[in-house]
Amino acid sequence: MVRPYAIKGRKRKKNKTERYDKEEDEEENVGFVEEEEQQEENVENDGAHKKLKGGATESDEAIAEAAAQELAGIPVNLNEQPHDKNSGGVIFILEKASLEVAKVGKSYQLLNSEDHANFLKKNNRNPAEYRPDISHQAILNILDSPLNKAGKLRALYVRTEKGVLFEIKPHVRIPRTFKRFAGIMLQLLQKLSISAVGKREKLMRVIKNPVTQYLPVNSRKIGFSHSSEKLVDMHDYVATLDKDATLVFVVGAMAHGKIENDFIEDFISVSGYPLSAAYCITRITNALERKHKII
């Protein structure tokens, strides 16, 4: 029996339609596979990015390295006047600075009473004695003073509670935030020096004791303590000193106690009230700036 042409035509149309549907399905499948591959690639990239980001935030060494790079990239202050070695100047010594590094968990950190109170108590230590922020504020006050910018600061030395002595160049700009400062101190106490990028000059370096071997001959060594019986007005005191003499000021950078050094020639108190190290330094620099007419 002969099949009707109408039926035969519909069958042919149906086959053609099935072929088109099959091609569309294949295109959709290909697009779906490509989309899945793109999503997997994005997930892998996100995972790698999160891993890198997490490592940078959890590692104290990475924080110290980033802070050191910021410090090392800073050149000599253009506004700073060169110091004349033949004339007098000022040297600051910060004594008993609470700058101690210890391994907390899996990383080394600069100990402080706020972040490591539990660790310090477990090791039978008094958290109140671990105050590296005192040194941070004192160093900032010295380096930011017009006295330093005028070229009168010859050197800055810091001696820790454990007896580690290091030098900070007058033209260094210390990080403003404590977190970055802690990273710098951590790297300094571990690597013993921090150099400028592209230069051989060491901006900060650990040096040998005693500090007296670095002081000029015939320099005047002056110590500060609230317990001293010699209460003076700082402006009147510096006015009596030789203008061309090198003055060495020794200030305690600890929370409690007083400094005791054999090389100090004169112990004075600049206020009838206990002062922080930073404010004591401010009184010293203000008096010297007034004497040398530094505005």
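Trainee: Why is Arg 176 called partly exposed?
Mentor: This is a predicted model, and in it Arg 176 has a relative accessible area of 48%. Buried means under 20% and exposed means over 50%, with partly exposed in between, so Arg 176 is partly exposed.

Trainee: What makes Arg 176 and Asp 144 a salt bridge?
Mentor: Their closest N and O atoms are 2.5 Å apart. The rule asks for a side-chain nitrogen of Lys or Arg within 4 Å of a carboxyl oxygen of Asp or Glu, so the pair qualifies. Arg 176 lies in the loop between strand S5 (165-168) and helix H6 (178-191), and Asp 144 in the loop between H4 and helix H5 (146-149), so parts that are 32 residues apart in sequence are tied together. Asp 144, with a relative accessible area of 35%, is partly exposed too.

Trainee: Why do Lys 230 and Asp 266 count as a salt bridge?
Mentor: The N to O distance is 2.9 Å, and the limit is within 4 Å, so the pair counts. Lys 230 sits in the loop between strand S8 (220-224) and helix H7 (234-239) and Asp 266 in strand S10 (residues 266-268), so the bridge ties together parts 36 residues apart in sequence. Salt bridges with shared partners also join Arg 220, Lys 230, Glu 265 and Asp 266 into one network.

Trainee: Are Lys 230 and Asp 266 buried or partly exposed?
Mentor: Lys 230 is partly exposed at 36%, whereas Asp 266 is buried at 9%. By the salt-bridge rule, the count for the model comes to 9.

Trainee: Let us turn to the rings. What makes the pair Tyr 157 and Tyr 214 stacked?
Mentor: The ring centres are 5.9 Å apart and the planes meet at 25°. Rings pair if their centres lie within 6.5 Å, and planes under 30 degrees apart count as stacked, so both tests are passed. Tyr 157 lies in strand S4 (residues 153-160) and Tyr 214 in the loop between strand S7 (202-207) and S8, so this pair links parts 57 residues apart in sequence. Tyr 157 is buried at 5%, and Tyr 214 is partly exposed at 29%.

Trainee: Why is the pair Phe 178 and Phe 181 called tilted?
Mentor: Here the values are 6.3 Å centre to centre and 40° between the planes. Phe 178 and Phe 181 are 3 residues apart in helix H6, about one helical turn. Phe 178 is partly exposed at 27%, while Phe 181 is buried at 0%.

Trainee: Which residues form one aromatic cluster?
Mentor: Phe 92, Phe 224 and Phe 249 do. Phe 224 and Phe 249 are also among the members of the largest nonpolar core, of 49 residues, that touch the most other members, along with Leu 94, Met 204 and Met 234. Another core, of 14 residues, lies apart from that one and includes Leu 165, Val 250, Ile 259 and Phe 263.

Trainee: And the backbone: what makes Lys 96 and Asn 124 worth a look?
Mentor: Lys 96 has a positive phi of about 55° although it is not a glycine, and Lys 96 is found in strand S1. Asn 124 has a positive phi too, near 55°, in the loop between H3 and H4. At 75% relative accessibility, Asn 124 is over the 50% limit and therefore exposed.

Technical notes
Residues are numbered from 1 along each chain as its sequence is written. This is a predicted model: local features need pLDDT of at least 70, side-chain atom pairs count only at pLDDT 80 or more; totals for chains, interfaces and linings use all residues. Side-chain values use heavy atoms; hydrogens and water are left out. Helices (H or I, at least four residues) and strands (E, at least two) are DSSP runs, numbered from the N terminus. Buried means under 20% relative accessible area, exposed over 50%, partly exposed in between (1.4 Å probe, protein chains only). A nonpolar core is a set of buried Ala, Val, Leu, Ile, Met, Phe, Trp, Tyr and Cys residues joined through side-chain atoms within 4.5 Å. Rings of Phe, Tyr and Trp (its six-membered ring) pair if their centres lie within 6.5 Å; planes under 30 degrees apart count as stacked, over 60 as edge-to-face and the rest as tilted.
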